[in-house]
Amino acid sequence: MLRRWWLKTLVVIGFVAIVIGVFVVGSRPVYVGTRAGKADENYIDSSKCLACHEGHYASWRRTYHSRMTQTAETVTVQGDFTTNNTLEYLGVKARMERRPDGFFATFSYPDGRTETNKIERTVGSRRMEQYLIKEAGQYTRLPLAYDLVNRRWISLNGSFFHADSTDYQQHRAQWDSNCVFCHNVKAQPNMDFGTRTFKTEVAELGIACGACHGQTAKHIDEANSWLSRFSWWRDPSASRSVIHPEKLSAERSLMMCGHCHGQRVPEPLDRIRQIMGPGDPYNAGDDLSALYRPVQRDTVLGDFSFANRFWNNGSPRLTAYEYQGILRSACYMRGKPEHKISCLSCHSMHDGDPKGMILPVNRTNTACLECHQKFSDGAALAQHTGHGAASTGSSCYSCHMPRVVYGVMSFHPTHDISIPRPDLTVTRSVPNACNLCHLDRSVNWAIESSRRLWPAQFAAAQPAKDPMFNEAEGPRMLFAGDALTRAMAAEAMSGGGAVNHDPNWTGPFLLEAFNDNYPIVRYFAANGLAAINLNLAKPDYLGIDEARRASVTLWAGIFNEAARRHSTQFAIAMRARRSDVDMDVGE
């Protein structure tokens, strides 16, 4: 009897010991302490999230964020390295090849020199794929890229706002000191300020889980314990040691996206040594304003001014400045805490079309009607807009978020949610939503129409005395504006949401715009021409002068001679009014 009792006791003790052992082992930190002492301490690779968050992992992998920076491999490279794999530009012949040991780009220069580079990484996977090589241990971006939309090789001068030049290497750039910060998680350049060299590390290539959820080591360690999982099941509100963007305030949530979608400078400026050395100190959920200051139109660093990246009223006109746009918006500044707008008001990393990560319903007026419910009634909406309730003129986005922001080979809605102001086109050279739709009408017509439709708001707006503003605004912008304005006009006149995009009217203007000295303007003009006639070869906006002149001659034959003569004379008059400023995009 006693022996049986001891046997039972030993079994119980053994069982308890096993339970305690499992508990101890399960509670022991496995990931906490990863990369201890580094800027990315406790950041964990996204693949570790897959076991518990299969759905979220899969939806994130569908986004272009996940493929922002990748190792150059067969499964990642989209550029054509085998068939249409050459580009000649400014006398330099580039040939791209896929070899057994990787992907290569060989440049043959006019002086007989050749240079072969192995592609190490790619940047971008939606509209354009850029390429990184290694030079003396440093990552360098090549000056050419693959246009994923038009399936062709291009010089980066065909994407940025620079006039035709003779500098083939104009857009060759250092990756370690620039691109690394927003295209990856937790950049650590480890710069040697004496030699100005880098030993760059990142927590993860691309924009991955850590960018929005922060340091997840503790969360994963806790999740490996059945006791933690049981406690989370018992109390869904219990802390899970991970940042959840939707549970942050609108300000902190917005800052998370603004960290990359809001070009910034260190605060204070001498923090640059920390950023370029050990690495970016910002973590998801932090107060971004304690570390950085978003650049504005009046921001100057030494001799460098950011002014040309903003419209003259301070509104951003380039992508990667969405944060600055929202900060200017009344929807953010005057929104009640429970309704204050943030990126998550419309976007999600895990829902909707990967092109914008936005649900279809949020591409309609629904997103705005959450706060502006009085316009949910069609009659009230039509009275508010002066347009039919189902028309483009009653689209909240068309009027309050017009497409005046340049991204990569495309234009996007501004995030500076504001009231259309045709008078600002006259006084500040700021494009207005009215004329982006009514391209065939003048700015003065838009001003008079605004005074008629909304007399209380526009009583002080006066038509311009300058006769230039009596001309149709589409063509006026196309020739009198700076390069970005001209590109925007060419894109709008190629279709978009314009009321009048009759090819017999727009075609001769777009053909004349193909004579522009900025490749990016010619890019949008060529797209517009190609949409008009599918039987003619699309003009090559990066072609040599002789080839471009031949294209103009070929295309001229399909348009009315009088209309072509008028477009040329109009362009000459308007070009005399323009001034240009060069700018890089997302730099």
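I began with the side chain of Asn 362, and found one of its polar atoms 3.2 Å from the backbone oxygen of Cys 346. I keep in mind that this is a predicted model.

I then looked up where Asn 362 sits, which is in the loop that runs between helix 9 (330-333) and helix 10 (366-369). Setting aside neighbours within four places in sequence, I listed the contacts of Asn 362 as Ser 345, Cys 346, Ala 367 and Tyr 397.

Next I turned to the aromatic rings, for which the structure gives 23 pairs. In one of them, Tyr 146 and Trp 153, the ring centres are 5.1 Å apart and the planes stand at 70 degrees, which is over 60, so I noted the pair as edge-to-face. Both Tyr 146 and Trp 153 are buried. I noted Trp 454 and Phe 458 as a tilted pair, with 6.1 Å from centre to centre and 55 degrees between the planes; Phe 458 is buried, at a relative accessible area of 5%. I also recorded one aromatic cluster formed by Phe 161, Tyr 406, Phe 411, Tyr 523, Phe 524 and Tyr 541.

Trp 233 belongs to helix 5 (residues 226-234), and its relative accessibility of 65% is over the 50% cut-off, so I count Trp 233 as exposed.

How values were computed
Residues numbered from 1 in each chain as written. Predicted model: local features only at pLDDT ≥ 70, side-chain atom pairs only at ≥ 80, totals over all residues. Heavy atoms only, no water. Helix = DSSP H or I, 4+ residues; strand = E, 2+ residues; numbered from the N terminus. Buried < 20%, exposed > 50% of the residue type's maximum accessible area, 1.4 Å probe, protein only. Polar contact = N/O pair within 3.5 Å; in protein donor to acceptor, adjacent residues only side chain to side chain. Contact = heavy atoms within 4.5 Å. Phe/Tyr/Trp six-rings, centres within 6.5 Å; stacked < 30°, edge-to-face > 60°.
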